[in-house]
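Work through the exercises below with the model on display.

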Amino acid sequence: CPIREMAQLLKKVVRMGNPNLRLQSLPFTKEEITKPETKELVKDMFALMRDLGGVGLAAPQIGVQKQVIVVEVDSENPDILTPIPPKALFNPSIEFVLKHERVWTWESCLSVPGLAGKVPRYSNVLVHYLDEDGKKKRLAATGYLAAMFQHEIDHLNGVLYVDVMESVKDLCFEEEYLKYRSTDPEDCYEGTVRFFNK
């Protein structure tokens, strides 16, 4: 039964209310990044994220207090939303560019199941991280993709999107979001990303 399978998958995700979701995650050493158990962790994170239909997942969401996120974004229209191939980012840190420019995104989260909230985010970010070989990399993201990276990196600092919302009036069940709020003209679903080697 697909519903039963989904319920079993969701049990693997740490949910809001669990104090572990509020902890500061620990960074990886370069030696840890290349260990087989870390490769297995990343593989499991990608599998769970895909099975649950997510675009990102942070290690604390599965009870691992380490600084790694995985992301993967498909796009039907690359001119509007840049697709992102599977990427694991270790020890990511975020730098906000043009702080006066914001976007609003309706966000959901595997750790806050069944709900969606309207969240203000910075529209331009630089992310510095280590790749799966422990090499320094960086990326620049805008719009929806900038918001996505902020959402996932927040998890590493014990922050959920509900903490960033300006008003609980903009928190609703996902079904009600689809019925009443999905055409919100402020909702940003455009974004670009560029990857750099250093």
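## Exercise 1: Aromatic pairs

Task: classify Phe96 by its relative accessibility.

Solution. Phe96 has a relative accessibility of 33%, so Phe96 counts as partly exposed. Buried means under 20% relative accessible area, exposed over 50%, and partly exposed in between (1.4 Å probe, protein chains only). This is a predicted model, in which local features need pLDDT of at least 70 and side-chain atom pairs count only at pLDDT 80 or more, while totals for chains, interfaces and linings use all residues. Residues are numbered from 1 along each chain as its sequence is written, and side-chain values use heavy atoms, with hydrogens and water left out.

Task: how many aromatic pairs does a search of the whole structure find, and what is the geometry of Phe96 and Tyr122?

Solution. Step 1: the search finds 4 aromatic pairs; rings of Phe, Tyr and Trp (its six-membered ring) pair if their centres lie within 6.5 Å, and planes under 30 degrees apart count as stacked, over 60 as edge-to-face and the rest as tilted. Step 2: the ring centres of Phe96 and Tyr122 are 4.3 Å apart and the planes meet at 35°, so this pair is tilted. Step 3: Phe96 belongs to strand E3 (residues 84–96) and Tyr122 to strand E5 (residues 112–122), so the pair ties together parts 26 residues apart in sequence. Helices (H or I, at least four residues) and strands (E, at least two) are DSSP runs, numbered from the N terminus. Step 4: Tyr122 has a relative accessible area of 18% and is buried.

## Exercise 2: Helix H3

Solution. Step 3: buried residues in H3 include Leu41, Met45 and Phe46. Step 4: just after H3, Gly53 takes a positive phi of about 75°.

## Exercise 3: Strand E7

Task: which residues of E7 form its covered face, and in which sense does E7 pair with E6?

Solution. Step 1: in a regular strand the side chains alternate between the two faces of the sheet. Step 2: in E7 (residues 136–142), Lys137, Leu139 and Ala141 form the covered face, and Lys136, Arg138, Ala140 and Thr142 the uncovered one. Step 3: strands pair if DSSP finds at least two bridges between them; E6 (residues 124–130) and E7 pair in the antiparallel sense over 7 bridges. Step 4: Leu130 stands opposite Lys136. Step 5: 5 residues separate the two strands of this hairpin, and Gly134 in the turn has a positive phi of about 80°.
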